[in-house]
Amino acid sequence: MTQYRLNHFTMADAQALAGKTANITEWDNDELERKVTYPGARITGIIVLSTPCLVIETAGAVITDARTGERLGTRPAEPELRLSFTWICEAGGVRGRFERGDRVALEHTGDPHTRLRPGDEGTVTRYTPGLGQLDVYWDSGSTLSMLLGEGDRVRLVAPAPEAGTGDAGKEPGR
């Protein structure tokens with residue numbers, strides 16, 4: 001886990017995270033009593049308003065007491081959230097957008113010939129970021145690739161098992 005003290009998260013830190021996913025934790029208030037963690041947040045960019053902000057897409061958040069770690073509540077998913085650099089205190093679990101073995105669910109495809117429907121799940125076999133091509137072995141047996149740069153959309157359901165758990169090297173469906 002990369003930890004930052006307040007006001008020490010830099011533009012270089014943000015640039016290193018761009019295009020990746022991470023568990024991002026920020027301070028939620030001026031009294032530093034609450035922290036908000038966005039697990040598996042997708043870092044979509046950087047924007048400079050009155051201060052530099054990290055732009056993330058979240059699947060929701062968990063609010064905890066900064067001193068005790070007690071869970072205080074949750075927040076819903078947000079497609080575009082801006083976090084001021086001055087409030088970011090941790091970034092951990094940093095990984096590429098998609099990795100072999102990730103479980104994904106289809107949100108949308110423009111392919112009129114597929115039998116896949118939104119919500120169908122599959123396992124990532126390869127991701128080529130430069131082409132925006134995500135190869136997926138779908139649970140239905142389909143091997144339709146997603147063209148993320150051309151409008152196809154999937155969401156991460158579960159990250160690939162960690163190396164050493166026995167599942168990381170398995171071929172999907174075997």
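**Exercise 1.** Which residues is Asp-65 in contact with, leaving aside its neighbours within four places in sequence?

*Solution.* This is a predicted model, in which local features need pLDDT of at least 70 and side-chain atom pairs count only at pLDDT 80 or more, while totals for chains, interfaces and linings use all residues. Residues are numbered from 1 along each chain as its sequence is written, and side-chain values use heavy atoms, with hydrogens and water left out. Begin by placing Asp-65, which is found in strand S5, where strands are DSSP runs (E, at least two residues) and helices are runs of H or I with at least four residues, numbered from the N terminus. Contact is taken as heavy atoms within 4.5 Å, and on these terms Asp-65 is in contact with Glu-33, Glu-70 and Leu-72.

**Exercise 2.** Find the nearest side chain of opposite charge to Asp-65, and a backbone atom close to its side chain.

*Solution.* Asp-65 is buried, that is, under 20% relative accessible area, where exposed is over 50% and partly exposed is in between (1.4 Å probe, protein chains only). Arg-67 is the nearest side chain of opposite charge, at 4.4 Å, and Asp-65 has no salt bridge, a term that asks for a side-chain nitrogen of Lys or Arg within 4 Å of a carboxyl oxygen of Asp or Glu. The backbone nitrogen of Thr-68, however, lies 3.0 Å from a polar atom of the Asp-65 side chain.

**Exercise 3.** Describe the largest nonpolar core and the place of Ile-24.

*Solution.* A nonpolar core is a set of buried Ala, Val, Leu, Ile, Met, Phe, Trp, Tyr and Cys residues joined through side-chain atoms within 4.5 Å. The largest one has 18 residues, and Ile-24 is among those with the most contacts inside it. The elements that give two or more residues to this core include helix H1 (11-17) and strand S3 (34-48), and S3 supplies the largest share, 4 residues. Beyond four places in sequence, Ile-24 touches several residues, among them Tyr-38, Ile-43, Leu-54 and Leu-83.

**Exercise 4.** In what order do the strands of the open sheet stand, and which are at its edges?

*Solution.* Two strands pair if DSSP finds at least two bridges between them. The order of the 5 strands is S12-S11-S10-S9-S13, with antiparallel pairing. Strands S12 (146-147) and S13 (153-158) each have a single partner strand, so one side of each is left without a neighbour in the sheet. Strand S10 (residues 121-128) is joined to strand S11 (residues 133-138) by 6 bridges, and Thr-123 has Tyr-137 in S11 as its bridge partner.

Definitions and conventions. Lys, Arg positive; Asp, Glu negative; His and termini not counted. Polar contact = N/O pair within 3.5 Å; in protein donor to acceptor, adjacent residues only side chain to side chain.
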